[in-house]
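Trainee: I would like to talk through how the chains meet in this model. Could we take the interfaces in turn?

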Amino acid sequence: MSKINFATLLIWLVAIVITTVFVFILAEIIVYGLSGLSWSFLVEPPQNAGRSGGIGPIIISTGLILFVAIATAAPLGLATAVLLTEFTPQDSRFGFFVERSIDILAGIPSIVFGLFGNAFFCLYLGLGFSILSGGLTLACMVLPILIRTATEGFRAVPNDYRLAASALGLTRSAALIHLLLPTATPALVAGLLLGIGRAGAETAALIFTSGYVDRMPDSLFDSGRALSIHIYDLSMNVAGGDANANSTALVLIIILFLINSTSISLANQWMHKRVISS
Amino acid sequence: MKKLGQLTILILIAAIVWGYFKPHSDQVAMSIEKLVLTGSSTVAPLVAEIGKRFESLHPNVRVDVQTGGSSRGVTDTRTGLANIGMISRALKKNETDLLSFTIALDGISIIINQSNPVSSLSKQQIIDIYTGKIINWHDVGGNNAPITVVNKAEGRSTLELFLHHFELTNTQVKPHVVIGDNQQGIKTVSGNPNAIAYVSIGAGEYEAEHNIPIKLLPLDGIGASVSNVHNRSFPLSRPLNLITSKQPGGIAKTFIEFARSVQVNDLIEAQYFVPIAN
Amino acid sequence: MSAAVILLILIFLLNESLSIFQHVSVSRFINDASWHPQQGLYNITPMLSATILSTVGALILATPLGIASALFSYFYAPKFLATWYRRLIELLAGIPSVVYGLWGLTTLAPLIAQLHPPGVSLLTAILILSLMVLPTVALTVEAAIAAVPASYLQGAMALGLSRWTSIKCIILPAAHSGITSGILLATGRAIGETMAVLMVAGNVVQHPHSLFDSVRTLTANIALEMAYAMGDHRAALFVSGLVLMIMVLLLVFMAAFFKRKPAYV
């Protein structure tokens, strides 16, 4: 009996400590950043090196970069995960090496991606400092996270489901779409969340690829400043930029939060429609 | 909550789409000229603001400013990746293939925490502190506390100028903290009552006037202020330069002349640098 | 396709690094007096130890906390609380590294400075890294636990096992594949973290003798100096990038060696 109580106590304690620390950090950002928030802040362009004015174009640029990254990485990631779990035998060497290379990719520092992105997308492919370069570089960064969590999600679907599907005469792809995907959805969504979180917060990879220009982009080939870079520049490089840095950080956090919540509720909706839990 | 999130995403997407198509129709008629500048992160915010004003006077021109450091400015100007480079120093002896155009002046000042009773340091004392011979504030008239020496990272113009003035090599400096950009130095000193660092006078004076707890120490008896850099009495000052690989023509020439004219003096002063045109 | 990307990155890194090896031998990266590239000194071992120590430290803190977090929201918390707690963790997974770094620099470092100057140190880096990595561990572990079939837990309860025992002996082992991948992801994130560490670790190139010493990780080094480096200095930085990749490679193969097949078949 006492062992259970100890474990319970410990876990509650951990939860309380973590909550306190994080609420503390959030509170600081909110306190310093809230006063700068307004509708005009969200839509106007920055002025005076970002110390006044708003962050409208920067939000748009960030959105575009994220869009490019997810649109590129999600299908690729899903396809790779399906390949690994459904179509590759457990012990194959091919599967082993693909998985290892994914792990390696996940461990490469963001700054190395930035340099690579710069040399490959900006210079070699001639895209220059652009939203496309930034988005594609981020896609490379986010790919391993998506693949990893997707494979875990697929792996966790009990084999009974697959056997049952096959016994019922479903083709493999039908089983995949109608049974496995919905069941693995929580894991897929978790992966997407982490991916977006990682991408949206990325700074080092974007400095050398999507650049510094804070004008409203005319196309994907234009350079665009991302929110995270704006925060870094205001707090580390521009004297007196702290106030707007905090406001920008608040905006970014709120946007990411909204994306997260929507993804979760979407996933739950989808799952309820498709699968009757055992 | 969920509906709010979905609504926000829809609005974001709508905004992106709207943002795309609206400006496009205006620009089909005009041909756009692009000017790309890369280089020093100290100069970048200033040049970005000058660029914006230039764009408002020349509606068919786009001025794109990217950071990356003074060395990047030199490399990109040489390879042609940038039309104009930005450096926060004078050209070096091995850079005689380039041309430089000064647009503003800046100084470098020693800063300490506002609560530190020390009001000035001699050249020798600064050298001794930075080489580790003096390690306690007590020995220079301050409190009995260990000195936290803050140095800049290698390759930065500010570091090179500092070392050059005090006739030191970087291996002789024994720092406790190494920083990247100016604001990092300012934040380090304001958070640690026993720290000492050196930063751009522009940034330092701005923060000190905006209630950040730092103070700028005089050098060789001359107070560290923007006005003293202006009247050329301050011993440690540096030019902020635009550089090109050949004699500039066309839009580049117009821009450089604009940046050196009195029309941008207010922008220069807003960044707490010293204008050169009068 | 991901293998192709990795190959590309490797080739690119190698290409950039090779130029320096023409006149600087590999051993110099270990044996030189210090890291002062402008004067031709290229010892990277202090930064290597900084990277390793900060990552290990962060993992030691974040893994148990992350697993405990996941257990809390899945098993121990009342439904209402669990949802909010989970929301909090998800929110934190999305906070940019610059924000954590900024908080570390302006709030945590001065606090630690009062304990022992200079404040920005290995300890600060470890604390900030574990904060950043915690949500990753918590979220992936929770996804792994959620994926364990309900029948397992029902079976345990039917057998009369207590909550903690069923967690410890059945759920955790069943989810271990997901837990391990969560830890791997976290390790990757910690090794690769650049901006936050740059702001809070102090960036002095030295082997740390205590938790309060200022250190510079390999990643922070690249970020700090790349923009300003030319020629040999630049190539030396690419070499440190290569070293990072090799570290990750080793880590990955080690982890694969220890990883068993899923507990259920």
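Mentor: Gladly, and please remember that this is a predicted model. Across the interface of chain B and chain C, zero salt bridges are found.

Trainee: Which elements of chain B give two or more residues to the side that touches chain C?

Mentor: On this interface, 28 residues of chain B are in contact with 29 residues of chain C. By class, the side of chain B that touches chain C has 17 polar, six nonpolar and five charged residues. The elements of chain B that give two or more residues to that side are α3 (70-79), β6 (177-179) and α6 (182-191).

Trainee: What area do chain B and chain C bury between them?

Mentor: Interface size is often given as the accessible area lost when the parts come together. Carbon and sulfur atoms give 58% of the area here. The area that chain B and chain C bury is about 2,200 Å².

Trainee: And how many nonpolar residues are on the side of chain C that touches chain A?

Mentor: That contact takes 80 residues from chain C and 72 residues from chain A. The buried area is about 6,700 Å², with 81% from carbon and sulfur atoms. On the side of chain C, 16 residues are polar and seven charged, while the nonpolar residues number 57.

Conventions
Residues numbered from 1 in each chain as written. Chains lettered and ligands numbered in written order. Predicted model: local features only at pLDDT ≥ 70, side-chain atom pairs only at ≥ 80, totals over all residues. Heavy atoms only, no water. Contact = heavy atoms within 4.5 Å. Buried area = accessible area lost by both parts, 1.4 Å probe. Nonpolar A, V, L, I, M, F, W, Y, C, P; charged D, E, K, R; others polar. Salt bridge = Lys/Arg side-chain N within 4 Å of Asp/Glu carboxyl O. Helix = DSSP H or I, 4+ residues; strand = E, 2+ residues; numbered from the N terminus.
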